[in-house]
Amino acid sequence: MNTKVVILKQDKKETEQILQEAGEIIKSGGVVAFPTETVYGLGAHALKADSAKKIYAAKDRPSDNPLIIHISQFEDIYSITSNLPEAAVQIAKAFWPGPLTMILPKGKSVPYETTGGLDTVAVRLPEHPIARKLIEHSGGFVAAPSANRSGRPSPTLAQYVIEDMQGRIDMIIDGGEVGIGIESTIIDLTISPPQILRPGAITLQMLRNLLGEVEVDSAILSENSTKAPRAPGMKYRHYAPKGELVIVTGKTEFVIKHINHKAEKAQKAGEKTGIIGSFENIKQYRCDVVKCIGSREDEESIAKNLYRILREFDTEGITQIYSESFEGDGMGDAIMNRLLKAAGHRIEKAAEV
Ligand code: TXA
Ligand code: MG
């Protein structure tokens, strides 16, 4: 398949034409990658079973892993859900458009191919203007997983979508770098109290402030959980770089020593070694490739750079990676959730020497 790659420029009229063309492709059953404020998405018609199948094929995604339906105006939620709890309206008022997905009872119009066989449906109203316009032009309901091949980090730049999807989909819209860099928060409103199934930029605290009682799916908190996560996608070892990634925790000065020591040993053993460090500590690291993920004062910068750095290590052929740990009140949960998955939960505590 020939994949058309278009770069959006400032020209409003040209952008409108491109988005109309992309909308036509989706309406007639094709697949288009587009930017959202979280990560790039792979869009197809959400209410057509064959469209959903094309997404699974393009991503090599297991068909039991359901898709999020993206809408461009709140009212459209009524035609894809069978019952809308009051909490959904509250959440929409507070956080939509934005990086938050709600799990709700599925309406009849939604095919089981889109929901991976489930009677619930995931819905998000994104903030990105390109995404919103494209959804409008596509008929209002766009199923869109992250635009990576299954198992790869979600794309934060069109260049990574091209790497993963060239020749597999109809069109890629390059709208520049995304704003947030990790996927939306998922909250399940089909159970009581509501549960966070995937942490993101809308945090547990923000949701508790709005709704009162909110829990986190215990299956995503521990690698040893015997329970299956309620979001099927969370069970897969996602975002894994090709090299082995180890996260080091502990007091900063010991973490730096530990990482330098381990990296030196790995290098001597013939590994091509990489380090992920924060801006505050970066000058103190020594190894083949040292990458600054952002400042500890600015968690958003860390979220934004994470997937790009993991992909760069792959391109550079890094075989052993050590990373600092990034727990924090705001996006810390979301960052650590992705980093732990990328590391296959390999954590070392720096010894206090
Ligand atoms: O930020 C985002 O949410 C991005 C952009 C493109 O919008 N999309 C995204 O989609 O991350 P995807 O397919 O990569 O992740 C969707 C997650 C998966 O873990 C899936 O299992 C879960 O949502 N999910 C979808 N429908 C669900 C449902 N009905 N019940 C539970 N989990 C569901
Ligand atoms: Mg994904």
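Student: What makes the 11 strands an open sheet, and in which order do they run?

Tutor: The order is β1-β8-β2-β3-β7-β4-β6-β5-β9-β10-β11, with mixed pairing. The edge strands are β1 (4-7) and β11 (215-216), each of which pairs on one side only. A strand here is a DSSP run of E of at least two residues, a helix a run of H or I of at least four, both numbered from the N terminus. The model is predicted: local features need pLDDT of at least 70, side-chain atom pairs count only at pLDDT 80 or more, and totals for chains, interfaces and linings use all residues. Residues are numbered from 1 along each chain as its sequence is written, and side-chain values use heavy atoms, with hydrogens and water left out.

Student: How do you know that β2 and β8 pair?

Tutor: Pairing requires at least two bridges found by DSSP between the strands. Strand β2 (residues 32-34) and strand β8 (residues 171-174) have 2 bridges, in the parallel sense, so they count as paired. Val32 has Met171 in β8 as its bridge partner.

Student: Why is α1 called oblique to α4?

Tutor: The two helices pack at an angle of about 50 degrees, with their axes 8 Å apart. That angle makes α1 oblique to α4, because under 35 degrees is roughly parallel, over 145 roughly antiparallel, 65 to 115 roughly perpendicular and the rest oblique. Axes are lines fitted to C-alpha atoms, for helices over the stretch in contact, and angles run from 0 to 180 degrees between N-to-C directions.

Student: Which residues of α4 does α1 meet?

Tutor: Ile130, Lys133, Leu134 and His137 in α4 meet residues of α1, including Thr15 and Leu19; contact means heavy atoms within 4.5 Å.

Methods. Chains are lettered from A and ligands numbered from 1 in the order in which they are written.
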